[in-house]
Amino acid sequence: MKIGVDLDGVTFDTEKLYRVCTELYEVLDLKKNNIKDNSNLVFQKRYNWTEDETQGFIDKYHEYIVRNANFMPGAKEVLKLLKEEGHKLILITSRGNNGEEKYIKITEEIFKENDFEVFDKCYWGILDKAKICTEENIDLMIDDYNENCLKIANESIKVIYLKDAPSYEINDNEYIKTLYNWGEIYRYIR
Ligand SMILES: [Mg+2]
């Protein structure tokens with residue numbers, strides 16, 4: 001199979017580190033207490049922050065998070081297994097959009113340092129993942145953002161919704177399967 005794999009919240013445990021850092025930033029830096037929607041994956045939509053406050057967070061934490069997020073438990077092991085079993089692995093990530101080449105370089109270094117060069121092809125800076133999944137003839141995409149999953153399923157492509165946070169529920173159907181960790185993902189694919 002050709003399997004599409006998201007980076008943040010799927011390969012790396014970035015989203016959880018974002019959740020920790022956004023909380024610290026709101027409490028310590030902004031001295032506020034007005035989270036508005038804890039289920040939203042997009043941190044800009046979890047808080048009532050001004051543009052300057054949002055930028056302040058990005059300036060202070062974005063690179064730290066990219067450099068320090070761990071791999072998701074089991075992601076490295078299962079992706080290597082899937083590769084050995086002959087699946088093609090295609091990275092499809094929004095990381096690196098807005099011309100942020102720097103973060104692509106950092107990520108490639110992390111892959112190297114961890115002996116984790118499993119992807120046959122990498123699509124960086126992708127906001128419309130459904131389009132790439134269609135063009136690449138992806139058989140199965142793995143993503144943790146409910147909106148991406150719904151759009152990809154809408155193109156009649158199978159998608160695993162990796163739900164690892166107080167994120168929104170999606171009703172599973174013929175194309176969408178909600179799973180909670182990489183062990184379950186491996187079982188499902190096998
Ligand atoms: Mg993601």
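Predicted model: local features only at pLDDT ≥ 70, side-chain atom pairs only at ≥ 80, totals over all residues.
Residues are numbered from 1 along each chain as its sequence is written. Local features need pLDDT of at least 70 and side-chain atom pairs count only at pLDDT 80 or more, while totals for chains, interfaces and linings use all residues.

**Exercise 1.** Determine how the chain is divided into domains and which residue classes domain 1 presents to domain 2.

*Solution.* Step one: the chain is divided into domain 1 (2-13 + 70-189) and domain 2 (14-68), with bounds from an automatic or database domain assignment. Step two: the domain centres, taken over C-alpha atoms, are 23 Å apart. Step three: 13 residues of domain 1 are in contact with ten residues of domain 2, contact requiring C-beta atoms, placed from the backbone, within 7 Å. Step four: the side of domain 1 that touches domain 2 has seven nonpolar, three polar and three charged residues. Here Ala, Val, Leu, Ile, Met, Phe, Trp, Tyr, Cys and Pro count as nonpolar, Asp, Glu, Lys and Arg as charged, and the others, Gly among them, as polar.

**Exercise 2.** Characterise the packing of helix α1 against helix α3.

*Solution.* Step one: helices (H or I, at least four residues) and strands (E, at least two) are DSSP runs, numbered from the N terminus. Step two: the axes of α1 (residues 14-29) and α3 (residues 51-68) come within 10 Å and cross at roughly 150 degrees. Axes are lines fitted to C-alpha atoms, for helices over the stretch in contact, with angles from 0 to 180 degrees between N-to-C directions. Step three: α1 and α3 are therefore roughly antiparallel (over 145 degrees; under 35 is roughly parallel, 65 to 115 roughly perpendicular and the rest oblique). Step four: T14, L17, Y18, C21, T22, Y25 and D29 of α1 meet G56, F57, K60, Y61, I65 and N68 of α3. Step five: this contact comprises seven nonpolar, four polar and two charged residues.

**Exercise 3.** Describe the packing of helix α4 against helix α8.

*Solution.* Step one: the axes of α4 (residues 75-84) and α8 (residues 182-189) come within 9 Å, crossing at roughly 20 degrees. Step two: α4 is therefore roughly parallel to α8. Step three: α4 contributes A75, V78, L81 and L82, and α8 contributes W182, I185, Y186 and I189. Step four: the contact has eight nonpolar, no polar and no charged residues.

Note on methods
Contact = placed C-beta atoms within 7 Å.
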